[in-house]
Amino acid sequence: MRFRAAVLRSYEDPFAVEEVTLHTEPADGEILVEIAGCGMCRTDLAVRRSAGRSPLPAVLGHEGAGVVVRTGGGPDTAIGVGDHVVLSFDSCGHCRNCRGAAPAYCDSFASLNLFGGRKEEAPRLTDATGGALAPRWFGQSSFAEYALVPARNAVRVDPALPVELLGPLGCGFLTGAGAVLNAFGAGPGDTLAVFGAGAVGLAAVMAATAAGALTVAVDRQPQRLALAERFGAIPLPAGTSGLPEQIRRLTDGGAQYALDTTASSPLINDALRALRPTGSLGLVARLHTALPLEPGTLDRGRSIRHICEGDAVPGLLIPRLTGLWLAGRFPFDQLIRTYPLADINEAERDCDAGRVVKPVLLPEGRSR
């Protein structure tokens with residue numbers, strides 16, 4: 001079948017929306033989804049800085065949502081034609097971590113979700129000239145009108161929900177909210193400091209507020225801090241003098257949990273200093289250089305760990321988040337601006353410039 005998709009042909013060039021051809025039908029355990037909307041995530045844009053590790057040309061996109069139009073059947077395919085689904089990361093389902101309800105730590109995560117490490121057979125996706133395109137970015141490649149995905153990636157959702165806006169629940173919002181609700185298990189009376197009020201950080205703020213935790217949000221952009229305050233956090237500019245001391249004062253002796261979304265070494269050290277004894281810091285952004293920890297930052301039982309995909313089982317967390325949204329307690333739609341798929345380069349520029357928190361691309365060109 002032929003359809004339109006956004007193709008990235010080189011690390012420097014803009015995306016090109018062009019006709020592509022899918023050469024295979026869904027196999028056992030696979031579904032074909034007509035994409036209603038796909039979020040743009042920093043991980044998509046990081047491909048440009050991957051130093052050749054990601055093969056191009058490729059179709060990116062890994063926060064897709066839409067309607068199932070075809071299935072390959074098989075005993076593991078419980079999703080049917082017409083179902084509305086949110087697409088999340090891929091996992092094998094049979095390694096020790098998958099069996100232990102930790103699919104984000106799947107032994108095959110890299111080979112299933114990233115281009116590097118996957119050896120494709122005959123090209124599944126080609127351009128108009130027959131040239132092969134790297135497919136299945138995070139099992140999806142959903143910057144497109146259609147995506148062929150493993151049914152294990154997909155989470156069925158209520159068709160009454162605005163499916164075109166739900167894609168970011170599969171990664172960015174899932175990561176922030178999952179860090180708070182799953183990794184930290186935050187609840188009433190707990191205290192949290194969130195460093196970086198982008199899509200992941202603001203999702204963490206919303207989840208913490210829904211859980212009854214007191215939250216401090218740190219960012220350098222006033223408009224992001226205003227959003228954090230709207231969602232229930234105490235705003236604190238990143239350049240504040242004595243930042244750890246300020247957070248300890250606001251949280252009555254130090255935060256029990258801190259979440260860093262910035263990968264900034266100075267802020268990570270500030271986050272550790274802002275913790276109370278036995279407090280925990282979670283990192284969600286990938287570090288590209290060595291992390292120097294300053295003396296004393298890990299004293300008195302403090303700990304630090306990386307959190308992947310919010311420690312989430314998508315089939316459990318995504319329904320929880322849509323339920324909170326329906327109850328008015330997780331207003332993720334307020335972070336979204338939609339763009340037609342044809343305007344993907346404008347969406348990328350706005351995302352890089354901080355003019356939008358979460359761009360969502362609509363393949364049919366519908367804007368809201």
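Here are my entries, one topic at a time.

**Ground rules.** I am looking at a predicted model, where local features need pLDDT of at least 70 and side-chain atom pairs count only at pLDDT 80 or more, while totals for chains, interfaces and linings use all residues. Residues are numbered from 1 along each chain as its sequence is written, and side-chain values use heavy atoms, with hydrogens and water left out.

**Entry 1: the sheet of 6 strands.** I looked up the strand order and found β12-β11-β10-β13-β14-β15, in an open sheet with parallel pairing. Helices (H or I, at least four residues) and strands (E, at least two) are DSSP runs, numbered from the N terminus. Two strands pair if DSSP finds at least two bridges between them. β12 and β15 (303-306) are the edge strands, each pairing on one side only. From one strand to the next, the twist averages 20 degrees. I then checked β14 (residues 275-283), which pairs with β15 in the parallel sense over 4 bridges. Ser-280 has Ser-303 in β15 as its bridge partner.

Entry 2: I found α5 lying across β10 (191-195), β11 and β13 (255-260), at about 165 degrees to β10. Such angles run from 0 to 180 degrees between N-to-C directions, with axes fitted to C-alpha atoms, for helices over the stretch in contact. α6 also packs on the sheet and touches β11 and β12; its direction makes about 170 degrees with that of β11.

**Entry 3: a closer look at α6.** Which residues of helix α6 (residues 222-230) are buried? They are Arg-224, Leu-225, Leu-227 and Ala-228. Buried means under 20% relative accessible area, exposed over 50%, and partly exposed in between (1.4 Å probe, protein chains only). The buried residues pack against α5 (199-211), β11 (214-219) and β12 (234-237). Just after α6, Gly-232 takes a positive phi of about 110 degrees.

**Entry 4: the sheet of 4 strands.** This open sheet has the order β4-β1-β2-β7, with antiparallel pairing. β4 (58-59) and β7 (125-127) stand at the edges with a single partner strand each, so one side of each is left without a neighbour in the sheet. Strand β2 (residues 16-22) is joined to β7 by 3 bridges, and Leu-22 stands opposite Leu-125 in β7.

Entry 5: I found Asn-153 in the loop between β8 (146-150) and β9 (154-157), and at 1% relative accessibility it counts as buried. Leaving aside neighbours within four places in sequence, Asn-153 is in contact (heavy atoms within 4.5 Å) with residues including Val-86, Phe-89 and Phe-138. Asp-350 sits in helix α10 (residues 344-353) and is buried too, with a relative accessible area of 7%. The side chain of Asp-350 makes a polar contact with the side chain of Arg-337 (3.4 Å). A polar contact is a pair of N or O atoms within 3.5 Å; within protein, one must be able to donate a hydrogen and the other to accept it, and residues adjacent in sequence count only if both atoms are side-chain atoms.
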